[in-house]
Amino acid sequence: MATKFENIDPIPFATDATRPAPSDQHSFGFGRPLPTNSQYRASSLRLQSRLVTSPEIYFFVTSARPWRRLPAAGENATNNRQQRDKVCLVMAINDGGVPPILAQKHYAQPSAFTPENLLREARRQKRITDSCIPDVCVLDPDGDIVRSLLARGEARLEPAWACYHTQLYTFSRGGICFGIVGCAVGASFAVLIAEEMFASGCKLLISVTSSGQIVPVRPPPYFITIERALRDEGTSYHYMAASDYSHADAGLISALNGAFDEFSVPVLTGATWTTDAPFRETQPAIDGMRERNLMAVEMEAAALYAFAQVRQRSVVCFAHVTNQMGRVDGDFEKGEADGSHDALQLIAIAAARLQSWLR
C-alpha cells in the first residue's frame, strides 16, 4: 500500500512543451529550483521518515537530478558543501547518504531471480536435457588453460552446460573429470558463472587467476593459495554485509596444507586485494595494500568467497602471480604454455587433496 506524504507539495510532471529552458541554476523535480540547504534538510528528513513505495514518488525521487552536467572531479565538487548537497540529493533522500552499493540489501531474503530458473529456461530454449556437469569445475579467467587444452585436443565441449554467456569444456587429470570455463574475468562474471555451475551439479570450484605482485616475496611466476581477499569490488556486497575481507573456508585451506610440497612451482598462502578496476591501481593504493601485507592483486577472489560463504559452497581460489603490473620490461611471462602447464598441475593436486569435500 502506498504511503501518503504530508506537507509535501506535489510536483507536476513536465513535458517538453512546459519544461523551462536550461539555466545556470540546477533544477529539482523537472523544473523547480533546488531548495535551500535548510529546506533540503527538512524535506529530506520528511521523506526519510516514511517508507517510499508509491510508484509516483519513486519516479520523482529517482528523477531528481541536476539540470546541467555534474561538476568534474577537478572542480572540487566534494569540498563545496552547497554543491555537494545538490549532487547527493537523490542519495540523501533515498538512503540517508548510504551509497547504492550498500543500500537496500536484504541479506536474509531469498533471491527473486535464481540460477536454477534461468537455466531451466535456457535448457528449454536450447533443447538441452537436464543433466549434470562434472563435480569439480575450474574458472580460468585468463583463458590460457582452456586454449592450451583445446590446442592439444584434450578438451571437449560439454553439452549439458546451458549457460547463455559461456561454453564449458571437460577434461581429465589424475583420474578426475573437470569442467572448465575460460575468460570469466572479474568479480561479477565469475560469481555469475559460479552460481550456474553449482546449480548444474558442481560440488567443488577451483579458480586460478593471473595476478599482480604487491609484496615482492620472490620473482614471478608463483602461486598463492588465497585464504582471504580484501573486498575492493562490488559483487561481494550483494551477498554479504560490509566488512574488510572475504575468507576462504578454513577447512578447505587446512586440507591443502602440505599438498604442494613436491610441486615444482612455489605455492604460498596469504591474502590478496580484489579490485574491479585494474587500470586504477594507483601508487598510493598499492602502497596501502602493501602495508596490509596483501601479497597480490586480482579480480575475483573476494566475490567468490562471499558467494561461497553465503551459499555454503566449496570454493578455493589461487592467484597465479605472473607480473609486476607491467612496470618492468619482459613482464607477464607465465611459464610453459602461458602458465597453463603449471596451472593444470596445481588444479590436479588440489582436486585430489580435496576429494573428501565432494561427498
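# Briefing on strands, a helix pair and salt bridges

The chain has 11 helices and 12 strands, where helices (H or I, at least four residues) and strands (E, at least two) are DSSP runs numbered from the N terminus. This is a predicted model, in which local features need pLDDT of at least 70 and side-chain atom pairs count only at pLDDT 80 or more, while totals for chains, interfaces and linings use all residues. Residues are numbered from 1 along each chain as its sequence is written, and side-chain values use heavy atoms, with hydrogens and water left out.

**Whole chain**

- Of the 359 residues in the chain, 43% are buried, a term that stands for under 20% relative accessible area, with exposed meaning over 50% and partly exposed lying in between (1.4 Å probe, protein chains only).
- Among the contacts in the chain with a separation of 6 or more, 76% come from residues 24 or more positions apart, a contact being heavy atoms within 4.5 Å.

**Strand 8 and its partners**

- Strand 8 (residues 222–232) has eight buried residues out of 11, so it is largely enclosed by the rest of the structure.
- Strand 8 runs parallel to strand 10 (residues 267–275), to which nine bridges join it, and within this pairing threonine 225 stands opposite threonine 269 of strand 10; two strands are said to pair if DSSP finds at least two bridges between them.
- Strand 12 (residues 314–323) runs antiparallel to strand 8 and is joined to it by four bridges, with tyrosine 222 standing opposite valine 321 of strand 12.
- Strand 9 (residues 245–247) also pairs with strand 8 in the antiparallel sense, over three bridges, and here leucine 230 stands opposite tyrosine 245 of strand 9.

**Strand 6 and its partners**

- Strand 6 (residues 176–182) is mostly covered, with five of its seven residues buried.
- Strand 3 pairs with strand 6 in the parallel sense over five bridges, and the bridge partner of aspartate 140 in strand 6 is glycine 182.
- Strand 5 (residues 168–173) pairs with strand 6 in the antiparallel sense over six bridges, and the bridge partner of leucine 168 in strand 6 is valine 181.
- The hairpin of strand 5 and strand 6 has two residues between the strands, and in this hairpin glycine 174 takes a positive phi near 55 degrees.

**Packing of helix 7 and helix 10**

- Two packed helices are described by the angle between their axes and the distance between the axes.
- The axes of helix 7 and helix 10 come within 9 Å and cross at roughly 35 degrees, the axes being lines fitted to C-alpha atoms over the stretch in contact and the angles running from 0 to 180 degrees between N-to-C directions.
- Helix 7 contributes Ala187, Ala190, Val191, Ala194, Glu195 and Phe198 to the contact, and helix 10 contributes Ala303, Leu304, Phe307 and Arg311.
- By class, this contact has eight nonpolar, no polar and two charged residues, with Ala, Val, Leu, Ile, Met, Phe, Trp, Tyr, Cys and Pro counted as nonpolar, Asp, Glu, Lys and Arg as charged, and the others, Gly among them, as polar.

**Salt bridges**

- A search of the whole structure finds nine salt bridges, each defined as a side-chain nitrogen of Lys or Arg within 4 Å of a carboxyl oxygen of Asp or Glu.
- Arginine 311 and glutamate 195 meet through their side chains in a salt bridge (3.0 Å, N to O), a pair that links distant parts of the chain, since arginine 311 lies in helix 10 (residues 301–311) and glutamate 195 in helix 7, 116 residues apart.
- Within that pair, arginine 311 is partly exposed at a relative accessible area of 32%, whereas glutamate 195 is buried at 10%.
- Lysine 203 forms a salt bridge with aspartate 135, their closest N and O atoms being 3.4 Å apart, and this pair too links distant parts of the chain, with lysine 203 in the loop between helix 7 (187–199) and strand 7 (204–213) and aspartate 135 in the loop between helix 5 (115–126) and strand 3 (136–140), 68 residues apart.
- Lysine 203 is partly exposed, with a relative accessible area of 38%, and aspartate 135 is partly exposed as well, with 33%.
- Arginine 152 forms a salt bridge with glutamate 154, with the closest N and O atoms 3.0 Å apart; arginine 152 counts as partly exposed at 40% relative accessibility, and glutamate 154 counts as partly exposed at 32%.
- A network of salt bridges links Arg120, Glu121 and Arg124.
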